[in-house]
Amino acid sequence: MAIMETVIEIPMEHEKNIFGSFDSNIKKIERSLNVTMVARDGNLKLVGEAGNVRQAEGILMQLLELSRRGNTIMEQNVNYAIGLAMEHDNTDLAEIDSDIICHTIQGKPIKPKTAGQKNYVDLIRRKMIVFGIGPAGTGKTYLAMAMAIEAFKRDDVSKIILTRPAIEAGEKLGFLPGDLQSKVDPYLRPLYDALYQIMGAESYQRNVEKGLIEVAPLAYMRGRTLDNSFIILDEAQNTTPAQMKMFLTRIGFGSKVIVTGDLTQKDLPFDSKSGLEQALEVLGKVEDIGFSYMTNQDVVRHPLVQKIVSAYDDYEKRQERRKQAASAKKEERRQGAGYRAKRNRGS
């Protein structure tokens, strides 16, 4: 293998951001690509196999551009850039970073951080109905909420409706105190949290009192026609087929609908078919409906969450393979028993 050496310039004001605490980002790139990096006087020397050095240089240039754009380089950025390089994916992180949807109440920009998230946001802009499917931490609900609030501020829609099925996540909560709204609020808390962060509690409260923002359990949607609204159905994997059909047939003129869900985290009774699963089968070829499938590469929470999601994916695949192998063996034994019985009858 040809050994290559190259030197790139990292401006002093970006060095700390790119290198990370105790050079953790640089060390991660070195380990992942088997290259050696030596920093001296604002320059960074890269030594290693030619292909790996070029990949490492590309990663550093991507991180430098993100830093120049005012981003704090996080471990997720480094992991994602390394993943793209190792898959020879030419996705431009700066282009993704330039797509600012809106700002939080503290002025922090909300924008996609991965190619999967960018595709999801672009689909929401283009399609009337979008299904966002992916594991926890991929920003499905948060990005949809940001798009809804931005559409509301631009007067593209006159109302925001946020809903999710009220179903316990594997626990029995018993009888909750208070009125009906108090009983369903715990199920809707993640939606409130996102609203408060993006819009602010006071602005949210004013719009709720005017009836311009509605957060309600899915059962409240029955019998209504929702015109000129931005509607988000969260945790859709916990809908029944009847509930999903009911929800999708509520849509009126001038509305946009986002359906989010994670098919690996169903809380329905065992062996019950999810309304989200059925909708993906039934509506796959319907025009004006978009489907965005995100993976563990699109997880933007703590890097450990990405590892947890990957570990569960691997475990479930192994279980499925074992189940198929056991089923095939059982079928083989059944056919063998049938053959022996037929032979015995013939003799």
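Colleague: What makes the link between the side chains of N71 and D97 a polar contact?

Modeller: The distance between the side chains of N71 and D97 is 3.0 Å. A polar contact is a pair of N or O atoms within 3.5 Å; within protein, one must be able to donate a hydrogen and the other to accept it, and residues adjacent in sequence count only if both atoms are side-chain atoms. N71 also makes a side-chain polar contact with K111, at 3.2 Å.

Colleague: What kind of model is this, and how are its residues numbered?

Modeller: This is a predicted model, in which local features need pLDDT of at least 70 and side-chain atom pairs count only at pLDDT 80 or more, while totals for chains, interfaces and linings use all residues. Residues are numbered from 1 along each chain as its sequence is written, and side-chain values use heavy atoms, with hydrogens and water left out.

Colleague: Why is N71 called buried?

Modeller: The relative accessibility of N71 is 17%. Buried means under 20% relative accessible area, exposed means over 50%, and partly exposed is in between (1.4 Å probe, protein chains only). N71 therefore counts as buried. In the protein as a whole, buried residues make up 44% of the 347 residues.

Colleague: Where does N71 lie, and which residues is N71 in contact with?

Modeller: N71 is in the loop between α3 (50–68) and α4 (75–86). Helices (H or I, at least four residues) and strands (E, at least two) are DSSP runs, numbered from the N terminus. The protein has twelve helices and eleven strands. Contact means heavy atoms within 4.5 Å; setting aside neighbours within four places in sequence, N71 has such contacts with N17, L66, D97 and K111.

Colleague: Why is H103 called neither buried nor exposed?

Modeller: H103 has a relative accessible area of 39%, so it counts as partly exposed. H103 belongs to strand β4 (residues 102–103). Beyond residues up to four places away in sequence, H103 touches K108, P109, I110 and I198.

Colleague: What makes F22 stand out in its backbone, and is F22 buried or exposed?

Modeller: F22 is not a glycine, although its phi is positive, at about 55 degrees. F22 sits in the loop between α1 (12–19) and α2 (24–33). Its relative accessibility is 75%, so F22 counts as exposed.

Colleague: How do you know which residues of helix α11 lie on one side?

Modeller: In α11 (residues 275–282), the residues G275, L276, A279 and L280 are buried. These residues cover an arc of only 135 degrees around the axis, so they are on the same side of α11. The arc is taken from the directions that run from the helix axis to the C-beta atoms. E281 and V282 are exposed on the other side of α11.

Colleague: What covers the buried residues of α11?

Modeller: The cover includes β6 (129–133), α10 (241–248), β10 (256–261) and β11 (289–293).

Colleague: What makes β6 and β11 a pair?

Modeller: Two strands pair if DSSP finds at least two bridges between them. β6 and β11 have five bridges, in the parallel sense, so by that rule they pair.

Colleague: Why is β11 called largely enclosed?

Modeller: Four of the five residues of β11 are buried, so the rest of the structure largely encloses this strand.
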